[in-house]
Every structure is written in C-alpha cells, then in structure tokens.
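Keep the sequence and the coordinates in view while reading.

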Amino acid sequence: MKVSVLYGTETGNAEMLADDIRSALCGKHDINCINLADLDPGALSSETFHVFVCSTYGDGELPASAKPFAEELARTGDGLSGIQFAVFGLGDAEYAETFTHGSLKLAELLKSCGATQVGERMTHDASGDCLPEDVAVPWISEILNQFPVHSKEM
Ligand SMILES: Cc1cc2nc3c(=O)[nH]c(=O)nc-3n(C[C@H](O)[C@H](O)[C@H](O)COP(=O)(O)O)c2cc1C
C-alpha cells in the first residue's frame, strides 16, 4: 500500500516521529515522509493512505510548518472526497486546555473538506513516560492492518 506520513512541526519532534514511523513500516509498505510545509493539498491522492503527525503550538494552534497547508485547505474548502487519513497528535498535558489541539483542528479541517478519518486520533504527552514511537507504531500498524493485504485501490 502507498503510505505518506505528513508532518507538521515547530521544533522537529513530529519530523523525528514521522521518520520513526517510516523506518518501522518500510518493507511492508511503499512509504515516504513529507513536511506539510512542502505539500499542496491538491497533491493528496486517493491512491495513497495519509498519516498526519502534528504537534501543537501557541495556544492550541497548528505548528508553523502545517499552517500554510491548513490555510490553503480552508481557502479551497472541499475536494478531499476519496482521501483517507489517520492522525497522531504530539503535545504536552501541561497545556491542559489545549492538549494536542493542533492535530484535532487538522483532523476536523480534513473531514470538513470531505476526507475520511480511519481509526481513532491517537496522542502523545511529552510530559509522560513513554516514547512517541512506542505509541505511534502499534497504533498505525493496527490501522493499516484493516486494509486488504493486496489492496488494488491503494
Ligand atoms: C511555546 C509552546 C507552546 C505549546 N503549546 C501547546 C499546546 O497548546 N498544547 C499542547 O498540547 N502542547 C503544546 N506545546 C507542546 C508541544 O506540542 C510539544 O513540545 C511537541 O512535542 C512539539 O513538537 P514539534 O517539535 O514537532 O513542534 C507547546 C510547546 C511550546 C514550546
């Protein structure tokens, strides 16, 4: 299956996690990583499964590298019919009121433009004990296992 791991980051944690996911899944899937800063929403394809990894900055806002993508998506307003995605949020529970709201906002925006979310949004707390890859790799592996092994659609 073609899988794109698309990350939105401010200081690099989401990029490192996206690369960990890529390393864990390569060999099983045709997988690449792209910074959302380098992606036009029009390039999303129904032949690819999209995994968004996104942190939160400011007061529950998207990180800098995700903002132009989100602004363009909000401007165009639709056109993501047939796009399937999963979303993983990085954040810090010290920010209790806005914990991982960047990934939440991104998921809501994608759905409002017609994309379909697969699986539950998963999150990681930077103040917690576990590593983000130890949460994210089993989570995304289980989601991808829902698809037929030789899916012709992807
Ligand atoms: C100035 C600042 C603001 C932040 N605001 C939030 C927030 O509102 N909610 C949250 O869950 N995490 C917040 N965080 C935590 C980051 O999301 C977390 O450190 C994350 O791992 C950063 O990932 P990145 O390097 O990919 O941007 C904030 C961190 C900083 C430094």
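In this predicted model, 18 residues surround the ligand, and the closest are Thr9, Thr11, Ala14, Thr56 and Thr98. For threonine 100, a backbone N or O atom lies 2.8 Å from an oxygen atom of the ligand. Taken alone, the ligand exposes 650 Å², of which the protein buries 82%.

The phi of threonine 100 is near 55°, a positive value in a residue other than glycine. Most residues other than glycine have a negative phi.

Which residues of H3 are buried? They are Gly102, Ser103, Leu106, Ala107, Leu109 and Leu110. Viewed down the axis of H3, these buried residues fall within an arc of 165°, so they line one face of the helix. An α-helix has 3.6 residues a turn, so residues three or four places apart point the same way. The buried residues of H3 pack against strand S3 (48–54), helix H2 (67–76), strand S4 (84–91) and strand S5 (116–117). After H3 comes glycine 114, with a positive phi near 105°.

Alanine 70 lies in helix H2 and is buried, with a relative accessible area of 7%. Leaving aside neighbours within four places in sequence, alanine 70 is in contact with Leu62 and Leu109. Leucine 109 is one of the buried residues of H3. Alanine 70 and leucine 109 are 39 residues apart in sequence, while their C-alpha atoms are 7.6 Å apart in space.

H1 has 13 residues and reaches 19 Å from its first C-alpha to its last, close to the 18 Å expected at 1.5 Å a residue. In H1, the buried residues are Ala14, Leu17, Ala18, Ile21 and Leu25. Down the axis of H1 they fall within an arc of 105°, so they line one face of the helix. The elements they pack against are strand S1 (2–8), S2, S3, S4 and helix H4 (132–145).

At the end of H1, cysteine 26 is found in the loop between helix H1 (13–25) and strand S2 (30–35). Is cysteine 26 buried or partly exposed? With a relative accessible area of 42%, cysteine 26 is partly exposed. Cysteine 26 and valine 3 are 23 residues apart in sequence and 9.6 Å apart in space, C-alpha to C-alpha. H1 is followed by glycine 27, whose phi is positive, near 100°.

Strand S1, one of the elements that cover H1, contains serine 4. Serine 4 is buried, with a relative accessible area of 10%. Its side chain makes a polar contact of 2.8 Å with the side chain of asparagine 32. Not counting residues up to four places away in sequence, serine 4 touches Asn32, Ile34, Thr48, Phe49, His50 and Val51.

Helix H4 remains. H4 has 14 residues and reaches 20 Å between its first and last C-alpha atoms, close to the 20 Å expected at 1.5 Å a residue. Its buried residues are Pro132, Ala136, Trp139, Ile140, Ile143 and Leu144. Seen down the axis of H4, they fall within an arc of 125°, so they line one face of the helix. On the other side of H4, Glu142 and Asn145 are exposed. The cover over the buried residues of H4 includes S1, H1, S3, S4 and strand S6 (122–125).

Note on methods. Residues are numbered from 1 along each chain as its sequence is written. This is a predicted model: local features need pLDDT of at least 70, side-chain atom pairs count only at pLDDT 80 or more; totals for chains, interfaces and linings use all residues. Side-chain values use heavy atoms; hydrogens and water are left out. Buried means under 20% relative accessible area, exposed over 50%, partly exposed in between (1.4 Å probe, protein chains only). Helices (H or I, at least four residues) and strands (E, at least two) are DSSP runs, numbered from the N terminus. The arc is that of the directions from the helix axis to the C-beta atoms. Contact means heavy atoms within 4.5 Å. A residue is near a molecule or strand if one of its heavy atoms lies within 4 Å of it. A polar contact is a pair of N or O atoms within 3.5 Å; within protein, one must be able to donate a hydrogen and the other to accept it, and residues adjacent in sequence count only if both atoms are side-chain atoms. Accessible areas come from the Shrake-Rupley method with a 1.4 Å probe; for residues, only the protein chains shown count as cover. The expected span of a helix is 1.5 Å times one less than its number of residues.
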